[in-house]
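Please look over the model below before reading my points.

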Amino acid sequence: MRVLITAGGSGIGFAMGQAFAEAGAQVWVTDLDVRSVPDGWRSSTVEVSSESAMAALFQEVETTWGGLDVLCANAGIAGPTAAVEDVALEDWKACVSVNLEGAFLAAKYAAPLMKRQGSGAIVLTSSTAGIYGYPNRAPYAAAKWGVIGLMKTLAMELGPHGIRANAICPGAVEGSRMEGVLAREAAAKGMTRDQVYEGYAKGTSMRSFVEARDVANMAVFLGSDAARLVSGQVIAVDGHTENPDPKL
Ligand code: NAD
């Protein structure tokens with residue numbers, strides 16, 4: 001199995017690479033910085049919102065691998081934390097560019113490869129923010145909702161070609177990115193980092209943050225033949241969000 005993961009240099013994407021590698025797959029990660037990927041993985045430095053860079057990446061994938069079995073379009077940035085009236089248009093565009101246009105470009109250039117071989121699985125990383133919304137994160141929530149719309153359309157267009165598309169919606173995932181979010185929210189609300197953390201965890205039935213590996217395990221399932229008739233689905237890996245507004 002040949003698996004390409006955007007933003008696979010750290011966080012959830014890196015965990016996806018580890019999980020797919022353990023499942024016996026060939027792994028190719030892209031990121032802004034790919035200096036520390038494990039031996040045996042392929043890697044490329046690629047800005048996901050650059051069409052020319054993405055086109056060149058998929059050309060290289062086709063030349064090297066002759067096709068692609070699984071695309072994990074995973075790149076995303078948190079974007080600004082601000083009330084909607086305080087969001088600068090340029091910050092909106094930057095957030096949508098990475099989260100949504102990056103996913104679009106990955107799908108755009110993966111689709112012809114997968115169509116030619118008559119098979120493939122596309123796994124898009126959305127977010128529970130894309131299902132419920134996310135106070136003070138309008139650009140991010142809108143982009144992640146857009147990722148779900150993209151996925152639904154990919155499933156319809158590509159299904160007849162033997163290609164599946166699904167979106168994973170992680171809840172709050174432990175890691176450096178979430179530490180930044182916790183710090184910003186704590187500062188904005190006059191709370192401690194631990195109070196904000198508890199607020200997030202208490203918003204789920206499982207009273208838990210998510211680990212990157214939980215998301216990665218779902219990606220491996222969705223990329224495998226075990227999920228051969230699973231397509232067009234939005235799958236939350238979030239410990240079951242009960243309260244989508246973490247500040248309450
Ligand atoms: P992370 O910040 O740990 O890692 C993201 C990676 O993306 C980094 O390695 C970074 O270099 C790369 N990246 C950023 N901008 C890029 C660009 N323009 N082009 C190429 N690569 C770029 O993030 P993460 O927590 O692993 O998030 C991965 C995905 O999961 C994202 O789409 C994110 O929105 C989504 N997500 C994360 C959480 C969470 O709590 N961490 C929750 C829900 C959804």
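1. Two residues count as in contact if their C-beta atoms, placed from the backbone, lie within 7 Å. On that basis, Leu 182, Ala 183, Glu 185 and Ala 186 of α6 meet Arg 193, Val 196 and Tyr 197 of α7. By class, this contact of α6 with α7 holds five nonpolar, no polar and two charged residues. Keep in mind that the model is predicted.

2. Now the geometry of that pair. Two packed helices are described by the angle between their axes and the distance between the axes. The axes of α6 and α7 (residues 193–202) come within 8 Å. They cross at roughly 110 degrees. Angles of 65 to 115 degrees count as roughly perpendicular, and α6 and α7 are therefore roughly perpendicular to each other.

3. The sheet is next. Seven strands make up an open sheet, in the order β3-β2-β1-β4-β5-β6-β7. The pairing is parallel. Which strands stand at the edges? They are β3 (42–45) and β7 (233–237). Each has a single partner strand, so one side of each is left without a neighbour in the sheet. From one strand to the next, the twist averages 20 degrees.

4. One pairing in detail. Strands pair through backbone hydrogen bonds, in either a parallel or an antiparallel sense. β1 (residues 2–6) and β2 (residues 26–31) pair in the parallel sense, over five bridges. Arg 2 has Gln 26 in β2 as its bridge partner.

5. On domains, the assignment for the protein chain gives domain 1 (2–174 + 210–237) and domain 2 (175–208). Their centres, taken over C-alpha atoms, are separated by 25 Å. The contact takes eight residues from domain 1 and nine residues from domain 2. On the side of domain 1 that touches domain 2, four residues are nonpolar, three polar and one charged.

6. Last, the ligand. How many residues surround the ligand? There are 26, and the closest are Ala 7, Gly 11, Ile 12, Gly 76 and Val 173. By class, the shell divides into eleven nonpolar, eleven polar and four charged residues.

7. Where does that shell come from? Domain 1 and domain 2 each give at least three residues to the shell around the ligand. Among the helices, α1 (11–22) and α6 (176–189) each supply at least two.

Definitions and conventions:
Residues numbered from 1 in each chain as written. Predicted model: local features only at pLDDT ≥ 70, side-chain atom pairs only at ≥ 80, totals over all residues. Near = placed C-beta within 6 Å. Helix = DSSP H or I, 4+ residues; strand = E, 2+ residues; numbered from the N terminus. Nonpolar A, V, L, I, M, F, W, Y, C, P; charged D, E, K, R; others polar. Domains from an automatic or database assignment. Pairing = 2+ DSSP bridges. Axes fitted to C-alpha atoms, helices over the stretch in contact; angles between N-to-C directions. Parallel < 35°, antiparallel > 145°, perpendicular 65-115°, else oblique.
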